[in-house]
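Reader: I am new to this structure. Please take one part of it and describe that part closely.

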Amino acid sequence: MDKDRRNSAQGKIRKNEMKIWLVPLMDFLIAAWISYILLRSPFGLLFFIPILYFHMKYARKKQAEERVHEFELRYKEMLSSLSGSLRAGHSLENAFQDSEENLALLYGEDDRFIKELSMMNRSIDMRVPVEKVFADFAKQHPYEEVIMMSDIIGFAKRMGGNYIENISRTLEKINDSLSLKEEIKAMTSEKRLELKLMLIMPPGIISYIAISSPEFMSSIYGNAVGFCIVLVCMALYVVAIILGERIIRIEV
């Protein structure tokens, strides 16, 4: 099961990287569709450049979001492992060692997060204070949950006392926050699929009519009024895409 999970995680990363390279091909096909179906003119191919620019920008943004999500999943697993080790009576330093071993079984030693965790543990082995090691980690990944954990570790170490209990409670709260993000992502995944289907339907219907009954669309070709109507419809379609993305986006 761990092997399947590791292969699944690595497969998602490769899939996301592959999508970036497919963007130019997809955009050329879209521009060709505009040229042949909507405008019946080679002029439609000029839309390839703006479509490619905005699509690449969007694709890189989505890729960055996926990387953040992958990081959050691994960070959540690390927090769960840390909490379990601390509850078992291990020191914070040993708990990080346990986390590396546990996560390596899930994601493999070649995983980027595991390599960072390994570097952290090597620093700890070299007698670098764990709060400093985690503070450096938080600088590399300035996310709310990471910064919060860094502050708690630093504060707990300075105050002394039963800091293990305080850290464990904080770990559980951060873990709950990350779990909520996962639940929201799962809840909106169905709506994302519905949005994609709704966006595919108009071009599909137009293509069907243009190919099966070209006389219904002949009035929009070769005149300024038809050209303007097509441009307005395309603009409204783009606005619908943007609004749809914003509606299903829920920030936690």
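Author: Leu73, Arg74, Glu77, Met78, Ser81, Leu82, Ser85 and Leu86 of helix α2 are in contact with Leu92, Ala95, Phe96, Asp98, Ser99, Asn102, Leu103, Leu106 and Tyr107 of helix α3, where contact means heavy atoms within 4.5 Å. By class, this contact has 10 nonpolar, 4 polar and 3 charged residues; Ala, Val, Leu, Ile, Met, Phe, Trp, Tyr, Cys and Pro count as nonpolar, Asp, Glu, Lys and Arg as charged, and the others, Gly among them, as polar. The model is predicted: local features need pLDDT of at least 70, side-chain atom pairs count only at pLDDT 80 or more, and totals for chains, interfaces and linings use all residues. Residues are numbered from 1 along each chain as its sequence is written, and side-chain values use heavy atoms, with hydrogens and water left out.

Helix α2 also holds Phe71 and Tyr75, 4 residues apart, about one turn of the helix; helices are DSSP runs (H or I, at least four residues), numbered from the N terminus. The ring centres of Phe71 and Tyr75 are 5.8 Å apart and the planes are at 10 degrees, so the pair is stacked. Rings pair if their centres lie within 6.5 Å; planes under 30 degrees apart count as stacked, over 60 as edge-to-face and the rest as tilted. Phe71 counts as buried at 10% relative accessibility, and Tyr75 counts as buried at 1% (buried means under 20% relative accessible area, with a 1.4 Å probe and protein chains only). One aromatic cluster is formed by Phe71, Tyr75, Phe96, Phe113, Phe134, Phe137 and Tyr143.

Terms used. Helix = DSSP H or I, 4+ residues; strand = E, 2+ residues; numbered from the N terminus. Phe/Tyr/Trp six-rings, centres within 6.5 Å; stacked < 30°, edge-to-face > 60°. Buried < 20%, exposed > 50% of the residue type's maximum accessible area, 1.4 Å probe, protein only.
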